[in-house]
Structures are given as C-alpha cells and as structure tokens.
Amino acid sequence: MVKKKGGFLLVALVLVCALAGWTVAGAAPAYARAENWAYRETEKTAAADVFFICPTVYGGYNMPMDDAEAREDFVGATNMEKGIYDGDSRFFAPYYRQAGLSVYDLPAGEREPYLALAYEDVKDAFLYYLEHYNEGRPIIVAGFSQGADLGIRLLKDCFADAAVNDLLVACYAIGWSVTEEELAAYPHLRFAQGPDDTGVIVAFNSEAEEVADSMLIPAGTRTLAINPLNWRTDGTPAGREENLGACFTNYSGEITEEIPCLTGAYIDPVRGALKVTDVSPVDYPPGLSFLGEGVYHLYDYQFFYRNLQENVETRLDAYLAQQAAA
C-alpha cells in the first residue's frame with residue numbers, strides 16, 4: 001500500500017509529522033531573487049508558461065521562507081504534479097509563505113488572515129513574473145488544494161485585466177471548490193464546459209459514492225466540476241476504460257506506479273462532487289484526519305494523471321490555433 005501511493009502518502013506523513021504551532025513567517029519574499037523560486041525556467045524554449053502554486057506542505061501556520069526542510073518538501077510536492085504541465089511550457093513556481101496544516105484545524109472563519117498572507121506572496125510573484133518573464137506568452141495557472149484556492153484568487157484579482165485574461169489558456173484549480181455565486185460575482189471567470197475550451201477554470205473534488213459531507217464540499221452546498229475522464233459537466237458517467245492512466249509519483253516527480261483503467265467517475269448532480277467508482281476508501285485512505293473516510297482529495301491528480309496531462313496539451317493546442325486564426 002505504501003509503495004502504491006508512495007508520493008501522496010509521503011505528503012500526508014510530512015503534513016501530519018511537521019511542527020504544529022505558531023511560527024513567525026518573516027518578511028515578504030523578493031521575487032527578483034532566484035532563491036525565492038522553486039522553479040524559474042527562463043532559459044527554456046516553449047510555447048507557453050505554467051504558473052504553479054504548490055499545495056500545503058508545512059505544519060505550522062505560515063511557512064517561513066528560511067525553513068530548509070519546508071522548502072525541500074515544497075519542491076517535492078511541486079515535482080509530484082509538474083510532469084502533467086511542463087510538456088511544452090516553461091515552469092514557474094514561487095516559494096511563498098503558504099498557510100500551514102494548523103490553519104485548516106481552525107474554524108473556517110479564522111483561517112483567512114493566514115491565507116491572505118499566502119496570497120499576498122503569490123500575487124507578488126505573479127506580477128513580477130508577468131512584468132519580467134511573460135513577454136506575451138500564453139499562461140496556464142495550476143495548483144492543487146491550497147494552491148488551487150490561491151489560483152482562483154489570482155484569477156479573480158489579476159485576470160480582471162482583459163489583456164491578462166486574454167493570455168489564459170486555463171486555470172487547473174484541482175482539489176478546490178468553485179461556485180456559481182463566484183462566477184456571478186466575477187464575470188470574467190468562466191468554468192470549463194468541454195475538453196478544449198480556453199480561458200476557463202478546470203476543477204473537481206474526488207470522493208467515494210457514499211460521502212455526503214466534507215471540508216471541501218460541506219453538506220448542503222454544491223460546487224462546479226468537470227469530469228476529467230469524459231470532460232463533461234453533467235452526470236454522464238465515464239467508465240474505467242476511459243482512464244488513460246492513474247500515476248503515483250514521488251518527490252522527484254518519478255512515476256512509481258502507473259495503473260491504466262484504475263477507475264471511472266461521474267459528477268454528483270446534487271453536491272457537484274466527482275464520485276469515483278471502482279476503488280475503495282480502504283485502499284485509498286484520506287491520509288489527513290480532517291478529510292474523512294472516502295474523501296479522495298490526496299488522489300485528485302494521481303487518479304487522473306494521464307487524462308489531465310493529455311488535456312493540458314489539448315487546451316494549449318486549441319489556444320494556439322485560436323491565436324493563429326485571429
């Protein structure tokens with residue numbers, strides 16, 4: 001079991017065992033300095049850029065920028081998903097004073113100051129990237145969990161500028177909720193409706209069929225979702241034969257195990273959750289106590305790795321074709 005899910009169980013172990021308690025996050029990072037980027041691929045030639053926001057790896061409240069162990073975990077967690085995105089793209093991933101695991105143990109109403117500090121860094125990094133490195137290239141915004149949350153905040157804020165929004169291939173906000181109310185409040189946001197629309201948000205939250213409540217989708221609420229197997233937003237089920245490959249990765253980004261046709265999935269029309277069939281919560285435990293049994297949050301990327309990898313290429317090709325025809 002540990003071998004099968006090696007990378008993500010390692011993330012869970014890091015989160016659970018990391019120091020819990022107040023830490024001083026320190027001064028805001030200066031993104032002109034190379035050491036404040038986990039990745040800054042300025043020399044690579046590619047068709048587009050990926051701006052990637054790392055998920056939670058720190059155990060306190062806000063990650064200090066000088067914590068060597070946290071920085072190592074930060075790069076490792078980024079590597080686990082990097083292979084989905086960097087086929088024909090330069091990869092940019094800033095270190096930031098992310099909110100730690102202890103923040104998610106707080107009541108929802110008390111988390112915002114820590115997340116606001118994290119977003120402050122992400123926004124500063126993005127604006128620095130935009131001014132100094134982008135040069136008009138198409139942009140893929142991507143993240144997981146906290147990284148997805150901050151990616152959506154970035155879209156609401158910086159992509160309200162039409163010139164910036166025109167550069168957006170897609171925002172892959174995997175493992176976070178997006179609501180109809182948010183789209184109504186921010187008219188420049190659009191949710192994906194198919195496999196190749198561009199300038200859109202791609203998001204879903206995986207769970208077992210019996211789950212009716214989670215931190216990510218509380219009971220009585222509904223999120224938007226797109227099925228990464230058939231790229232539909234309705235309840236049309238996708239069979240496991242449509243799964244091009246679940247890939248379990250480690251902190252080096254290496255695929256330690258690949259399982260074609262692992263699972264199918266469908267969208268629950270009530271919750272908007274991505275209901276994952278053909279696997280068991282016993283075999284794929286939540287890894288974190290606040291997630292609850294049957295919440296497959298840690299496997300959102302891994303279960304659908306090859307389909308997501310293919311889709312990034314599909315959307316980028318569609319974007320480039322649109323630009324060529326304009």
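How far apart are the mean positions of the positive and negative charges of the protein? In this predicted model, the separation is 1 Å.

The fold of the protein comprises nine helices and 11 strands. Its radius of gyration is 18 Å, close to the 20 Å that the globule rule gives for 326 residues, so the protein is as compact as a globular protein of that length. The C-alpha trace spans about 55 × 45 × 40 Å along the principal axes.

Burial was then considered across the chain. Of the 326 residues, 59% count as buried. The protein exposes about 12600 Å². Carbon and sulfur atoms supply 53% of that area. Contacts were examined for residues at least 6 apart in sequence. Of these contacts, 76% join residues at least 24 apart.

Helix H5 gives a local view of burial. H5 covers residues 146-158, 13 residues in total. From first C-alpha to last, H5 reaches 18 Å, close to the 18 Å expected at 1.5 Å a residue. The helix is mostly covered, with 12 of its 13 residues buried. An α-helix has 3.6 residues a turn, so residues three or four places apart point the same way.

Key: Residues numbered from 1 in each chain as written. Predicted model: local features only at pLDDT ≥ 70, side-chain atom pairs only at ≥ 80, totals over all residues. Heavy atoms only, no water. Helix = DSSP H or I, 4+ residues; strand = E, 2+ residues; numbered from the N terminus. Rg over C-alpha atoms; globule rule 2.2 N^0.38 Å. Buried < 20%, exposed > 50% of the residue type's maximum accessible area, 1.4 Å probe, protein only. Contact = heavy atoms within 4.5 Å. Areas by Shrake-Rupley, 256 points an atom, 1.4 Å probe, with all protein chains shown as cover. Lys, Arg positive; Asp, Glu negative; His and termini not counted. Charge placed at Lys NZ, Arg CZ, Asp CG, Glu CD. Expected span 1.5 Å × (residues − 1).
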